Amino acid sequence: MIGDLIVGGLKQTAGTVLENSHVFSTTQGELYTFTVLNYSTSIRQLLVFDSTALPSNGTVTPVWFYPIPAGSASGPGALSVLDTYPMAFATGITLAVSSVVTTPFSLTVATDTMYAFTAQWKNS
């Protein structure tokens, strides 16, 4: 991970490798915006957790969930979320890409590690 860049009190974090999950904070915080690029040719689902670590595969309760479009030969699929108000997290901020797209309440972490994460967030 590139060192956090702090702008206006927000940390801007971008991963330096393709991965299938990313822990942005291990303490209470707020998530303002994030982008996930999908270099895989399969549709995936992003699960957002109030957690300090990636949950185990199986039944989960995400805070939010979003579909991630598939990538192609011409470029990655992209999911960008910018809300009017930040999402609040009591424990930590963890994002994970799941290969299960039929329900957001079952996590099977994508094994192809073809995803790039960036976010703006801050600890409370």
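**Strands, cores and ring pairs: a short tour**

Let's start with a pairing you can find quickly: strand 4 and strand 8 run antiparallel and are joined by nine bridges. Before I go on, please keep in mind that this is a predicted model. If you want one place to look, take Thr35, whose bridge partner in strand 8 is Ser80.

Strand 4 has another partner too. Nine bridges connect strand 4 with strand 11, again in the antiparallel sense. Here you can look at Leu37, which has Ala116 of strand 11 as its bridge partner.

In what order do its four strands lie? The order is 3-9-5-7, and the pairing is antiparallel. Strand 3, residues 21-25, and strand 7 are at the edges; each has a single partner strand, so one side of each has no neighbour in the sheet. On average, neighbouring strands here are turned by 15° against each other, if we ignore direction.

Let's stay with strand 3 for a moment. Strand 3 is joined to strand 9 by four bridges, and the two run antiparallel. Val23, for example, has Thr94 in strand 9 as its bridge partner. Strand 3 also holds His22. Is His22 buried or exposed? His22 has a relative accessibility of 8%, so it counts as buried, the cut-off being under 20%. The His22 side chain makes a polar contact, at 2.7 Å, with the side chain of Glu19.

Next, the inside. In soluble globular proteins, nonpolar side chains tend to be buried together. In our model, the largest nonpolar core has 20 residues, and the ones touching the most other members are Leu31, Phe34, Leu46 and Leu95. Which elements give two or more residues to this core? They are strand 4 (29-38), strand 5 (44-49), strand 7 (64-68), strand 8 (77-89), strand 9 (93-98) and strand 11 (115-123). There is also a second, separate core of six residues, with Leu47, Phe49, Ala96 and Val109 among them.

Setting aside neighbours within four places in sequence, Leu46 is in contact with a list of residues including Phe34, Val36, Trp64, Tyr66, Leu79, Leu95 and Phe117.

My last stop is the aromatic rings. How many aromatic pairs does the structure hold? There are two. One of them is Phe34 with Tyr66: the ring centres are 5.7 Å apart and the planes stand at 70°, so we call this pair edge-to-face. Phe34 sits in strand 4 and Tyr66 in strand 7, 32 residues apart, so to speak a link between distant parts of the chain. Both partners are tucked away: Phe34 is buried at 1% relative accessibility, and Tyr66 is buried with a relative accessible area of 14%.

The other pair is Phe65 with Phe105. Why is this pair called edge-to-face? The planes of the two rings are at 70°, and edge-to-face applies over 60, so the pair qualifies; the centres are 5.9 Å apart. This pair, too, links distant parts of the chain, with Phe65 in strand 7 and Phe105 in the loop between strand 9 and strand 10, 40 residues apart. Phe65 is partly exposed at 38% relative accessibility, and Phe105 is partly exposed as well, with a relative accessible area of 44%.

How values were computed
Residues are numbered from 1 along each chain as its sequence is written. This is a predicted model: local features need pLDDT of at least 70, side-chain atom pairs count only at pLDDT 80 or more; totals for chains, interfaces and linings use all residues. Side-chain values use heavy atoms; hydrogens and water are left out. A nonpolar core is a set of buried Ala, Val, Leu, Ile, Met, Phe, Trp, Tyr and Cys residues joined through side-chain atoms within 4.5 Å. Buried means under 20% relative accessible area, exposed over 50%, partly exposed in between (1.4 Å probe, protein chains only). Contact means heavy atoms within 4.5 Å. Two strands pair if DSSP finds at least two bridges between them. Axes are lines fitted to C-alpha atoms, for helices over the stretch in contact, and angles run from 0 to 180 degrees between N-to-C directions. Rings of Phe, Tyr and Trp (its six-membered ring) pair if their centres lie within 6.5 Å; planes under 30 degrees apart count as stacked, over 60 as edge-to-face and the rest as tilted. A polar contact is a pair of N or O atoms within 3.5 Å; within protein, one must be able to donate a hydrogen and the other to accept it, and residues adjacent in sequence count only if both atoms are side-chain atoms.
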